[in-house]
Amino acid sequence: MEIKSYVPFPKQRLFHTAKQQFKAFIGAFGSGKSVAGVWEAIDLSMRYDNNFGLICRKYNDDLKETTMRTFFEECPPELISDTLEGGSKIIFKNGSTIKFSGLYTKAKTRISKIGSMNLGWFFIDEAHESTEEDFGMLKGRLRLKAAKKHYGFLATNPPNSDHWLAKTFAVINDTYFRIHSTSYDNPTLPEDYIKNLEAMPEAWRRKYLFGEFGFLQYGYPVYSNFNEKIHFKELQYNSELPVIRSWDFGWWHPAVLFIQVDENMISYFLEEIMGEKIYLEDFANKIIFHSNKNYPNAHFIDYGDPAGNQRNDKSKLTSIQILAEK
């Protein structure tokens with residue numbers, strides 16, 4: 001349905017008219033991404049009677065202070081028939097329901113009731129805070145029979161280019177859609193607000209003014225003369241050089257760096273693969289598969305953290321011995 005009180009900006013309109021099942025509005029500061037998400041939720045609630053949707057952020061307190069406030073500022077009150085559970089549940093006059101909830105408690109444990117919901121749609125605001133596992137869990141809840149179509153949509157500040165969001169929505173196809181919106185796309189922002197954003201360092205402007213994927217470093221850099229324009233670029237695997245795999249062991253976040261060194265002793269860091277809560281045998285199989293696929297006919301040289309020689313009570317073999325057997 002068309003709601004007269006909402007006049008979307010051009011980028012917001014493109015987001016609303018996209019037909020893909022999963023959509024991401026990747027917006028700079030002040031670009032209207034949360035407003036677009038809220039109105040997408042209102043539209044789906046009014047378009048299909050007896051629909052049920054979830055609006056969420058990682059934590060409940062953050063949701064109340066931001067997305068819920070935006071929702072009640074934007075939603076015409078004449079559409080709502082009842083507000084329940086302290087405002088965290090909205091019933092529309094056509095029988096559709098919106099539930100507001102964080103995904104985790106303050107103790108950082110998953111809120112279990114979300115895992116039993118049957119949804120017609122979900123909206124993750126500030127999705128860069130959430131994990132790929134959160135996204136997958138919510139996709140698995142899209143099974144409400146009353147909904148003729150099921151959707152998942154996200155609004156987020158631009159994450160780093162290695163974030164799961166950047167990878168999941170890297171390609172626009174029949175299922176996934178993304179749009180990038182700049183601060184300039186919102187003509188209602190004060191002039192001094194834009195000037196403050198323009199005064200940020202270049203890497204910050206790319207993300208928070210222009211809404212693009214990027215990379216931000218925090219704290220004090222190890223190499224103070226690092227310059228992203230000079231030292232960061234897309235690299236290609238050179239089949240004439242060995243590929244060094246540098247292993248960091250551990251259950252929580254094992255990692256492997258893929259590196260090549262040329263004749264001038266310049267090191268090229270091609271990529272990093274990180275695991276999460278995974279046994280070394282399984283992580284090694286993943287690395288072997290990836291290596292064969294992406295580095296055909298390569299000569300590999302493997303280095304590891306010296307801790308890989310230590311024994312523990314989980315296996316008779318050390319981490320180095322487990323890799324050697326493979």
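**Figure 1. Strands E2 and E5 pair in the predicted model.** Strand E2 (residues 52–59) and strand E5 (residues 97–104) run parallel and are joined by seven bridges. Across this pair, Tyr59 stands opposite Tyr104 in E5. The coordinates come from a predicted model.

**Figure 2. An open sheet of eight strands with mixed pairing.** The strand order is E3-E4-E5-E2-E6-E7-E1-E8. Strand E3 (80–84) and strand E8 (176–181) each have a single partner strand, so one side of each is left without a neighbour in the sheet. From one strand to the next, the twist averages 15 degrees.

**Figure 3. Helices H2 and H5 on the eight-stranded sheet.** Helix H2 (residues 33–47) lies across strand E1 (22–27), E2, strand E4 (89–92), E5, strand E6 (121–125) and E7. The angle of H2 to E7 is about 160 degrees. Helix H5 (residues 132–139) lies across E1, E2, E5, E6, E7 and E8. H5 runs at about 160 degrees to E6.

Figure 4. Gln12 counts as buried because its relative accessibility is 2%, against a cut-off of under 20%. Its side chain reaches the backbone nitrogen of Phe9 at 2.8 Å. Leaving aside residues up to four places away in sequence, Gln12 touches Tyr6, Phe25, Ser31, Gly32, Val35 and Ala36.

**Figure 5. An open sheet of four strands.** The order is E11-E10-E9-E12, and the pairing is mixed. The edges are strand E11 (267–274) and strand E12 (300–304); each has a single partner strand, so one side of each is left without a neighbour in the sheet. The twist averages 20 degrees from one strand to the next. Strand E9 (residues 243–248) pairs with E12 in the parallel sense over five bridges. Val243 stands opposite Phe300 in E12.

**Figure 6. Helix H10 across the four-stranded sheet.** Helix H10 (residues 280–294) lies across E9, strand E10 (255–261), E11 and E12. Relative to E11, H10 runs at about 130 degrees.

**Figure 7. Confidence along the protein chain.** The chain averages a pLDDT of 90, and 93% of the residues score at least 70. Among the elements of the chain, strand E7 (residues 151–156) has the highest mean pLDDT, 98. The lowest mean, 69, belongs to helix H9 (residues 228–231). Where pLDDT is low, predicted coordinates should not be read in detail.

Notes: Residues are numbered from 1 along each chain as its sequence is written. This is a predicted model: local features need pLDDT of at least 70, side-chain atom pairs count only at pLDDT 80 or more; totals for chains, interfaces and linings use all residues. Side-chain values use heavy atoms; hydrogens and water are left out. Two strands pair if DSSP finds at least two bridges between them. Helices (H or I, at least four residues) and strands (E, at least two) are DSSP runs, numbered from the N terminus. Axes are lines fitted to C-alpha atoms, for helices over the stretch in contact, and angles run from 0 to 180 degrees between N-to-C directions. Contact means heavy atoms within 4.5 Å. Buried means under 20% relative accessible area, exposed over 50%, partly exposed in between (1.4 Å probe, protein chains only). A polar contact is a pair of N or O atoms within 3.5 Å; within protein, one must be able to donate a hydrogen and the other to accept it, and residues adjacent in sequence count only if both atoms are side-chain atoms. pLDDT is the predictor's confidence in each residue, from 0 to 100.
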